[in-house]
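Please look at the structure below and follow the chain through it.

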Amino acid sequence: MHFAPLAKKDRLAFRELLIPADGGKIGSAAALFFLSLTVIPFSYIEAAAGLYLIYAALFYFLLTRALSSLVAVAVPGVFLYGMTALIPALPHPYLLPAVYAAVMMGGVGGAFLLVHCRAPRYLPLLLLPVAAYGMTALLLDPLRALLVLVPVALALVLGHAFLGCTAQTPTLLRLAAVLALCGIAAFLVWYAAIGWPVANPVVAFSDIVRRTVVAFYRNAEAQLAAQGAAVGLSEVDFSNLAALIGNILPGLCFATCAVMAFGIFRVFLRVLVCMGTISRVPLRLGALTISPFAAVLFLAAYLASVFAGADLFGTVCENIAIVLEPGLFLVGFASLLGREAGGKTSKLSFFLLIALLLLFFNYPTYAFSMAAVVGAVRVLIGFFFRRKKKEH
């Protein structure tokens with residue numbers, strides 16, 4: 001299913017359907033936006049990060065009234081909380097979850113204000129990012145204060161895409177690109193703030209990743225040794241694993257940005273529904289579409305990475321496959337859970353779903369790739385089926 005960009009009159013008609021928000025909703029969104037901006041540079045303070053996490057969780061739960069929605073949003077934060085032990089440079093375990101929550105909720109809160117506060121009387125709200133930057137610059141320094149701009153960039157992209165009723169897939173691509181650029185910029189700002197210890201920041205980032213990977217496996221080895229088991233990995237194996245992670249690091253980073261972009265967009269739509277801006281999510285905003293070209297590119301890159309060696313070509317193909325996997329995984333997993341026209345699940349889909357679930361507990365990476373392959377095949381079958389139907 002392909003959604004073409006809307007004409008100007010159609011975009012204006014869509015905006016006319018939006019229900020205006022009252023002062024209380026605008027005030028709560030403004031508070032969420034401002035606090036999210038300021039907490040990022042102050043997240044190194046454990047109390048500030050912890051209190052913000054409580055505030056963000058209560059805000060989203062009281063808004064949605066659904067514990068399942070809160071759990072779905074909190075899962076990545078819990079994962080980041082566990083990752084903190086592997087990064088000795090972090091001051092406390094709440095830093096990464098607080099930054100994750102601030103980026104997500106700040107982007108959502110700012111986009112909500114952009115959607116509802118386009119009248120001239122709301123111009124003072126433009127001072128919120130300025131106030132956040134000024135306060136942070138005075139209390140910390142002007143360099144670290146630049147971190148408050150990360151949710152602002154996301155809010156601008158998200159709000160503009162929604163006002164134009166842009167389809168979900170191009171919106172996710174824009175958000176992922178902005179997240180990647182903001183991540184690079186934030187790392188450079190942090191790196192400059194600590195004194196620029198190494199001339200090349202790329203080398204420094206690779207070294208941080210290498211040390212994190214080695215620390216992870218050594219921690220796992222120590223835990224298994226305490227239980228009387230052994231991993232059986234040498235120092236050379238640790239170095240090879242770190243090098244492998246380093247090779248696929250670009251793909252992993254952009255795939256992470258794509259997954260987070262999907263989460264931000266879905267949370268934004270949920271907030272709009274709960275706030276009463278829209279009664280339901282339009283199909284063009286709620287449907288995730290993958291082009292046949294992306295499906296073919298993934299299959300070609302995945303097969304090439306399997307059969308190619310650890311050379312430059314194989315590394316590039318593996319990174320391409322990793323970038324395309326998250327979206328195709330969602331398509332594949334949803335297709336296996338779907339039903340046929342008669343209301344019954346096909347035997348092949350049921351068999352693949354069971355095999356996928358069993359594989360996930362033992363080899364999660366292979367299960368992820370298997371679901372992505374199913375999704376790519378499903379996209380291609382749907383494309384050829386629609387094309388054949390048009391010909392007849």
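Two residues are in contact when they have heavy atoms within 4.5 Å of each other. With that definition, take the contacts in the chain with a separation of 6 or more: residues 24 or more positions apart account for 73% of them. The model is a predicted one. Its chain has 17 helices and zero strands. Of the 392 residues in the chain, 39% are buried, where buried means a relative accessible area under 20%.

Next, consider how two of the helices are placed. Two packed helices are described by the angle between their axes and the distance between the axes. Helix α12 covers residues 249-275 and helix α15 covers residues 312-337. Their axes come within 7 Å and cross at roughly 25 degrees. Angles under 35 degrees count as roughly parallel, and therefore α12 is roughly parallel to α15. The crossing of α12 and α15 is right-handed.

Which residues of α12 and α15 make the contact? On the α12 side they are Leu249, Pro250, Gly251, Leu252, Phe254, Ala255, Val259 and Phe262. On the α15 side they are Asn319, Ile322, Val323, Pro326 and Leu330. Sorted by class, the contact of α12 with α15 has 11 nonpolar residues, two polar residues and no charged residues.

The aromatic rings come next. A search of the whole structure finds nine aromatic pairs. One of them is formed by Phe162 and Phe268, whose rings are 5.6 Å apart, centre to centre, with 85 degrees between the planes. Planes over 60 degrees apart count as edge-to-face, and this pair is edge-to-face. Phe162 lies in helix α8 (residues 149-163) and Phe268 lies in helix α12, so the pair ties together parts that are 106 residues apart in sequence. Phe162 counts as buried because its relative accessibility is 1%. Phe268, at 0% relative accessibility, also counts as buried. Together with Phe14, the residues Phe162 and Phe268 form one aromatic cluster.

Phe298 and Tyr302 form an aromatic pair of the stacked kind, with 5.8 Å centre to centre and 20 degrees between the planes. Both residues lie in helix α14 (residues 292-307), four residues apart, which is about one turn of the helix. Is each member of this pair buried or partly exposed? Phe298 has a relative accessible area of 0%, so Phe298 is buried. Tyr302 has a relative accessible area of 21%, so Tyr302 is partly exposed.

Finally, look at the backbone in two of the loops. Most residues other than glycine have a negative phi. Arg65 has a positive phi, near 55 degrees, and is a residue other than glycine. Arg65 is placed in the loop between α3 (46-64) and α4 (67-83). With a relative accessible area of 64%, Arg65 is exposed. Cys165 is not a glycine either, and its phi is positive at about 50 degrees. Cys165 lies in the loop between α8 and α9 (168-193). At 3% relative accessibility, Cys165 counts as buried, whereas Arg65 is exposed.

Conventions:
Residues numbered from 1 in each chain as written. Predicted model: local features only at pLDDT ≥ 70, side-chain atom pairs only at ≥ 80, totals over all residues. Heavy atoms only, no water. Axes fitted to C-alpha atoms, helices over the stretch in contact; angles between N-to-C directions. Parallel < 35°, antiparallel > 145°, perpendicular 65-115°, else oblique. Left-handed = near helix turned anticlockwise from the far one by under 90°. Nonpolar A, V, L, I, M, F, W, Y, C, P; charged D, E, K, R; others polar. Phe/Tyr/Trp six-rings, centres within 6.5 Å; stacked < 30°, edge-to-face > 60°. Buried < 20%, exposed > 50% of the residue type's maximum accessible area, 1.4 Å probe, protein only.
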